[in-house]
Amino acid sequence: MTDPTRNLPLPEPGSVLPTRGHVSGRSLPSNPPSSRYRPATRLGLGGVAIGNGFAAASDAQCEATLAAAWDAGVRYFDTSPWYGLGLSERRFGHVLHRHPAEAYTLSTKVGRLLTATCGPLQETMWVEPAPFHYRYDYSAAGVRRSVEDSLNRLGVSQLDVVFIHDLSPDNEDDLGMPWERRFAEAAKGAMPELNRMRSEGLIKGWGFGVNRPEPALLALEEADPDIFLLACQYSLLDHAQALHDTFPRIAARGASVVVGSPLLAGYLAGRDRYLYDGTVPEWAPRKRAKAQAACDRHGVDLRTVALQFAAAPEVVSAVIPGARTPEQVQANVASMAVDIPAALWAELKDEGLIERDAPVPAG
C-alpha cells in the first residue's frame, strides 16, 4: 500500500487510500437550514472522472464508485452533459434512480446541447466519450431543452441545482467569441429561464459553474442566483483571491459556494497533475512539499487537510472532489472525519502556506 500524499501516483483500483490522523467517527457534515437552497451534505462527489475525464473507466467501475459514495453517506452528486458528452449523467442516473429524489441533492449544468452523431467527434478532454456533438446555447429555449435532455439521460424525476457552465474567460477559445457576448445571451435567456424553473419548482436553485470569478460576480449584479460552483479557485495552495474578494461578495447576497477541484484534480492527493491543462505552476511543487512536511510532522495526510480546508469557510456549502474508484471516494469520506490538530493549522499559517485569516475547521 502506498501513501498518495508522498508525491507518488495514486494506487490502482482495488487498493486502499490511507487516511492518517485520528478519526472521530462523526458522520458527514450537513448544511443548516438556509433561505437559499444548499446541498444536503457538505461533501459531494464530482462527476468528471465518472465521465471519463483523464482516463477511461468502465460502467461497472463507475457504478461501484457511486454505490460506495452512497453507502458512505454522500448525498450530493454533481454532473454535467459536458462530462463525457452525456456519459457522466447516464452513469449517475443509473445509480441514483434507485433512490428517492428527496434523499439526495443532484446538480447538473446547462450551456451546451448535445446531438447524436455517427461521424467523427469533436476534440475534447474526454477519453472514449459518448457519440455526441456539442454546441453552445445559453438562450431560454436552449436551457429548457438542456434540462429536459438531462432528465432524460439521468432517468430521475427532478434536478435540485442547475449551473450555467463554462461561460468564463478561460473558455473563450471554445466559446468562439468573447465571454461577455455569451454572458449577454445568458442574461436575456438562461438566467430568467432558470428563475422561472425555480418558481415552477422544477429546480430548487441555480447559479454559475465556472473556473474564474468574473462571471459569477457579474451574475450577482444581473440576476438572482443561489449557489456557485467555483472550480480551480479555492484550495490549500491557492485561495487568497477567492477568500478576500469572491467569497465575501457572494456571501453578502446570501448565496453559497460549491468548491470544485478542492484537490486540484489530484495534485493534493499525490499526482503530478495540476488542474486540467496538464501544466504544474513553477511555484506549486515547493509549496506542496512544505505543506506535506508540515502534515507529516502532525501525522495527518495532505488530502485530508486539503479537503477540510476547502470546506471550512461559512459561505462554502459543499466540496466535490472526484473519484474513479470506491477506494478513492471512501478515502475522501474518511478524511472529513479526521480530527486535525490546531497546531497544524497554526504552523501552516506561520509558514505562510495558508492565509492568516483563512477559516479552518474548529477542533
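**Figure 1. Ala 190 sits in helix H6 of this predicted model.** Helix H6 covers residues 190-200. Ala 190 is buried, and its relative accessible area is 0%. Setting aside residues up to four places away in sequence, Ala 190 touches Tyr 138, Ser 139, Ala 140, Val 143, Ile 164 and Glu 185. Ala 141 is 49 residues from Ala 190 in sequence. In space, the C-alpha atoms of Ala 190 and Ala 141 are 8.1 Å apart.

**Figure 2. The largest nonpolar core holds 99 residues.** Phe 77, Ile 164 and Phe 208 touch the most other members of this core. Helix H10, residues 302-311, gives the largest share, with seven residues. Another core, of eight residues, lies apart from the largest one. Among its residues are Val 161, Phe 163, Leu 229 and Val 258. In soluble globular proteins, nonpolar side chains tend to be buried together.

**Figure 3. A close-up shows the contacts of Phe 208.** Residues up to four places away in sequence are not counted here.

**Figure 4. Helix H1 runs over residues 59-71.** H1 has 13 residues. At 1.5 Å a residue, H1 should span 18 Å. Its end C-alpha atoms are 18 Å apart, which agrees. The buried residues of H1 are Cys 62, Thr 65, Leu 66, Ala 68, Ala 69 and Trp 70. An α-helix has 3.6 residues a turn, so residues three or four places apart point the same way. The cover over the buried residues of H1 includes strand S2 (45-46) and strand S3 (76-78). Helix H2 (87-96) and helix H11 (326-335) are also part of that cover. Gly 73 follows H1 and has a positive phi, near 105 degrees.

Figure 5. The structure holds zero disulfides.

**Figure 6. Gln 122 lies in the loop between strands S5 and S6.** Strand S5 covers residues 112-116, and strand S6 covers 132-136. Gln 122 is partly exposed, at 31% relative accessibility. Beyond residues up to four places away in sequence, Gln 122 touches Phe 132, His 133 and Tyr 134. A polar atom of the Gln 122 side chain lies 2.9 Å from the backbone nitrogen of Tyr 134. Gln 122 and Phe 132 are 10 residues apart in sequence, with their C-alpha atoms 8.6 Å apart.

**Figure 7. Ala 265 and Leu 275 lie in the loop between S10 and H9.** Strand S10 spans 256-260, and helix H9 spans 284-298. Ala 265 has a positive phi, near 60 degrees, though it is not glycine. At 13% relative accessibility, Ala 265 counts as buried. Leu 275, also a residue other than glycine, has a positive phi near 55 degrees. Leu 275 is buried, with a relative accessible area of 14%.

**Figure 8. Confidence is given by the pLDDT of the protein chain.** The mean pLDDT is 92. A pLDDT of 70 or more is reached by 92% of the residues. Over residues 1-16 the pLDDT is below 50. In the model, this stretch has 39 contacts beyond near neighbours in sequence.

Note on methods:
Residues numbered from 1 in each chain as written. Predicted model: local features only at pLDDT ≥ 70, side-chain atom pairs only at ≥ 80, totals over all residues. Heavy atoms only, no water. Disulfide = S-S within 2.5 Å. Helix = DSSP H or I, 4+ residues; strand = E, 2+ residues; numbered from the N terminus. Buried < 20%, exposed > 50% of the residue type's maximum accessible area, 1.4 Å probe, protein only. Contact = heavy atoms within 4.5 Å. Polar contact = N/O pair within 3.5 Å; in protein donor to acceptor, adjacent residues only side chain to side chain. pLDDT = per-residue confidence, 0-100. Core = buried A, V, L, I, M, F, W, Y, C linked by side-chain atoms within 4.5 Å. Expected span 1.5 Å × (residues − 1).
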